[in-house]
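Welcome! Please take a moment to look over the sequence and the 3D structure before reading on.

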Amino acid sequence: MSCLILIGMMGAGKTTVGRELARRRKVRFADCDQEIVARTGVSIPTIFEIEGEQGFRRRETQMIDELSLEPDIVIATGGGVVTTPTNRALMRGRGVVVYLNVPPQILYERTRHDRNRPLLQVDDPRQRIEELYRQRDPLYREVAHLVIDGGRGNPGTMVRMIENALQKLAQQTLKNTPCEP
């Protein structure tokens, strides 16, 4: 379990929780979107404006491919990472994927004033969040090894929930591993 990958909707807390989780585990933390910004020297909205969502998704796949090969890392992904089949396969195959499932109403409360979210620059951002949640929730569940329901707890509580779930997952994996002769 040296590569932990946090997925979920924008505003689910992947970066905040991921940073704390990495700190507690004493491993490197990487935010996929921030890594893309650092490499390109421009903001995510600028990438969307120049290259469109497709161009951004290509960059995202490249970054997931690279980061998921690193040992001892916690990766926070962008909310739309699961829309690309290649990303789903990379994440599922290379790490333990944790879905931070937060209700759309809470996501709206957390993101409504954020202008750095290109997909929410619409007339009705609340409706857009609900649509995206309906589309993406099945994809998040498909790729996730663990689903952590959250929204109201603080980051420390979420990290403890993840650590407990990881411990149970490790015990199940050990129990289901056949003994070698």
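What follows is a short tour, from the overall layout to single residues.

## The overall layout

This is a predicted model. Its protein chain holds seven helices and five strands.

The protein chain has 181 residues, and 45% of them are buried.

## Helices α2 and α3

Two packed helices can be described by the angle between their axes and the distance between the axes. Helix α2 covers residues 32–40 and helix α3 covers residues 44–67; their axes come within 9 Å and cross at roughly 110°. Angles of 65 to 115 degrees count as roughly perpendicular, so α2 and α3 are roughly perpendicular to each other. The crossing in which α2 passes α3 is right-handed.

Which residues make this contact? From α2 come C32, D33, E35, I36, V37, R39 and T40, while α3 supplies I44, I47, F56, R59, E60, M63, I64, E66 and L67. Sorted by class, the contact of α2 with α3 has nine nonpolar residues, six charged residues and one polar residue.

## A closer look at E60

E60 is part of helix α3. Is E60 buried or exposed? With a relative accessible area of 0%, E60 is buried, because buried means under 20% relative accessible area. Leaving aside residues up to four places away in sequence, E60 touches C32, D33, I36, G78, G80, V81 and N87.

A disulfide is a covalent bond between the sulfur atoms of two cysteines. How many disulfides does the structure hold? The count is zero.

## Helices α5 and α6

Helix α5 spans residues 104–111, and its buried residues are I106, L107, Y108 and T111. What covers these buried residues includes α6, which runs over 125–143.

The axes of α5 and α6 are 9 Å apart, and the two helices pack at an angle of about 130°. That angle makes α5 oblique to α6. Their crossing is right-handed. On the α5 side the contact is made by P104, Q105, L107, Y108 and T111, and on the α6 side by P125, R126, I129, E130 and Y133. The contact of α5 with α6 divides into six nonpolar, two polar and two charged residues.

An α-helix has 3.6 residues a turn, so residues three or four places apart point the same way.

## Two loop residues with positive phi

Most residues other than glycine have a negative phi. K26, which is not a glycine, has a positive phi near 60°. You can find K26 in the loop between α1 (14–25) and β2 (28–31). K26 is exposed, with a relative accessible area of 74%.

D72 is not a glycine either, and its phi is positive at about 55°. D72 sits in the loop between α3 and β3 (73–76). Its relative accessibility is 44%, so D72 counts as partly exposed.

Methods: Residues numbered from 1 in each chain as written. Predicted model: local features only at pLDDT ≥ 70, side-chain atom pairs only at ≥ 80, totals over all residues. Heavy atoms only, no water. Axes fitted to C-alpha atoms, helices over the stretch in contact; angles between N-to-C directions. Helix = DSSP H or I, 4+ residues; strand = E, 2+ residues; numbered from the N terminus. Parallel < 35°, antiparallel > 145°, perpendicular 65-115°, else oblique. Left-handed = near helix turned anticlockwise from the far one by under 90°. Contact = heavy atoms within 4.5 Å. Nonpolar A, V, L, I, M, F, W, Y, C, P; charged D, E, K, R; others polar. Disulfide = S-S within 2.5 Å. Buried < 20%, exposed > 50% of the residue type's maximum accessible area, 1.4 Å probe, protein only.
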